Amino acid sequence: MSVTHDPQSYWQATAPAPVFPIDLPSTANIVVVGGGFFGAATTYFLARAGAAPLLIEQAAPAYGATGRNGGFHVVGTAEGYADAIARLGRDTARAMMQITLDSRALLRQTLAEEQIACDYREPGHLTLALGEEQYVDLQRHIAALRADGFAAELLDRQQTQALIRTPLSEEITGALYGPENALLHSARLVYGLIAAAQRHGARVAMARAAHVVPHNGHVRVITNYGVVEAGAAVVTVNAWTRDLVPALRDVITPVRGQALAYAPISRVFEQGIGASATPTGEYWHQTPDGSIVIGGCRAHAPGRDVGVTEPVPTPEVMAAIEQILPRLFPQIGNLNVMRRWAGLMAFTADYAPVADAAPEMPGVWVAGGFCGHGMPFGMRFGQLLAEAALTGVAPVALAPFRVARPTLQPPQHQQ
Ligand SMILES: Cc1cc2nc3c(=O)[nH]c(=O)nc-3n(C[C@H](O)[C@H](O)[C@H](O)COP(=O)(O)OP(=O)(O)OC[C@H]3O[C@@H](n4cnc5c(N)ncnc54)[C@H](O)[C@@H]3O)c2cc1C
């Protein structure tokens, strides 16, 4: 397999990024650093509040994880809900779940209000069980979700088969069905949000922040194209967080994720699908044009790609991903790989993100560490980070995501 340097994802290739001007103003009320989903959402809500923010991005909007992901918007915690309760406590897990539901409501509303076309649809999500043990485990998560009033259904093998238009392999025993989960074109979402923010008064510029420095009650953002003096800054660079917020170096760890797209075939999958055919899991869905985007299999990479910062796919992980669909759906037929890529996720020790005041950096707010599961938090975090930057006070709703929480103590990273 030939690997080109930093190849474009399916999303980046099917929706060319808008070009930001290299026209950096010297002052701004609030600077948002990083043009992924979280930077775009924060900029949008700041602009809606009349704050005329400045968004800066080092490469291109949706250059990072948002433009290279699986395109899933699945509410809830990164871990299965029962495991999240065990690790974080029931109140925190429930608050995280609720934030993702609120975020989905905000997303629906914003897409409608701003007329953002990003293939958003809610066909639901299937988490497949492979073998009896996984089937029993899904029942544990469903019981925990239902006990807290959240929607989840257990499907047996026959009910699962009824949703997938190709015969299942014997190892598929059933699925957890999340009815309102969504799929979307993540890059188009980012471009649409940024364009909406600009309509509401935001400015954008191409620049790489080298340092974000509190200075005399202001924040100085030092970039490769000059310095911006701002009242406050919001750093939404996820896998790059440690470059700008040194205190989070051991809290947010970059982890490479890899994916590929198969050429269009006739419709087999309506829902987004997750499975654990390997210990680090897989996910796939079929896009409106019939392509299949599939990723995962990190367990096949040396060190599970933890700490790796080159966004390039590797032969061993690509080969493992290519075995997943033929293994689980033996009659799926010929699949032709059209595109391979990688992106940088960011993990924390307790599989929950950080969104808080940046430690030892007055006037600076930071969000990151989404553990490969950021999309369901994006809109609500953007709204809350905008509020934080405008008021100087962390909103109560961000309490589960504070840096100084007991479950987030280094050193152990358990990815
Ligand atoms: C392969 C893969 C599959 C995934 N699948 C899913 C999925 O299906 N569903 C889901 O919920 N989550 C998924 N995730 C995770 C999800 O994509 C992320 O949690 C989310 O996109 C993070 O958004 P972000 O805006 O914080 O970061 P990013 O999208 O990474 O954006 C950060 C931006 O900051 C810019 N930047 C970095 N440093 C600087 C600097 N110094 N100055 C200026 N700009 C800078 C980068 O260029 C980048 O554009 C996946 C991730 C990967 C890699």
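This is a predicted model: local features need pLDDT of at least 70, side-chain atom pairs count only at pLDDT 80 or more; totals for chains, interfaces and linings use all residues.

The buried residues of helix α9 are Val-317, Ala-320, Ile-321, Leu-325 and Leu-328. They span an arc of only 135° around the axis, so they sit on the same side of α9.

**Helix α9**
- Helix α9 covers residues 315–328, which is 14 residues.
- At 1.5 Å a residue, helix α9 should span 20 Å; its end C-alpha atoms lie 21 Å apart, which agrees.
- On the face of α9 turned away from the buried side are the exposed residues Pro-315 and Ala-319.

**Domains**
- The chain is divided into domain 1, made of 10–69 + 186–250 + 350–408, and domain 2, made of 122–182 + 253–347.
- Taken over C-alpha atoms, the centres of domain 1 and domain 2 are separated by 29 Å.
- Domain 1 gives 14 residues to the contact, and domain 2 gives 14 residues.
- The side of domain 1 that touches domain 2 consists of 6 nonpolar, 7 polar and 1 charged residues.

**Ligand shell**
- The ligand is surrounded by 42 residues, and the closest are Gly-34, Gly-36, Gly-64, Gly-70 and Gly-374.
- By class, the residues of this shell are 19 nonpolar, 19 polar and 4 charged.
- At least two residues of the shell come from each of these elements: α2 (37–48), β2 (54–57), α8 (241–244), β12 (253–262) and β16 (337–347).
- Why does the ligand lie between domain 1 and domain 2? Both domains give residues to the shell around the ligand, so the ligand lies between them.

**Arg-108**
- Arg-108 is part of helix α4, which covers residues 90–114.
- Is Arg-108 buried, exposed or partly exposed? Arg-108 has 14 other C-beta atoms within 10 Å, so Arg-108 counts as partly exposed; a buried residue would need 20 or more, and an exposed one 12 or fewer.
- Arg-108 and Glu-387 are 279 residues apart along the chain, and their C-alpha atoms are separated by 20 Å.

Key. Residues are numbered from 1 along each chain as its sequence is written. A residue is near a molecule or strand if its C-beta atom, placed from the backbone, lies within 6 Å of it. Helices (H or I, at least four residues) and strands (E, at least two) are DSSP runs, numbered from the N terminus. Ala, Val, Leu, Ile, Met, Phe, Trp, Tyr, Cys and Pro count as nonpolar, Asp, Glu, Lys and Arg as charged, and the others, Gly among them, as polar. Domain bounds come from an automatic or database domain assignment. The expected span of a helix is 1.5 Å times one less than its number of residues. The arc is that of the directions from the helix axis to the C-beta atoms. Two residues are in contact if their C-beta atoms, placed from the backbone, lie within 7 Å.
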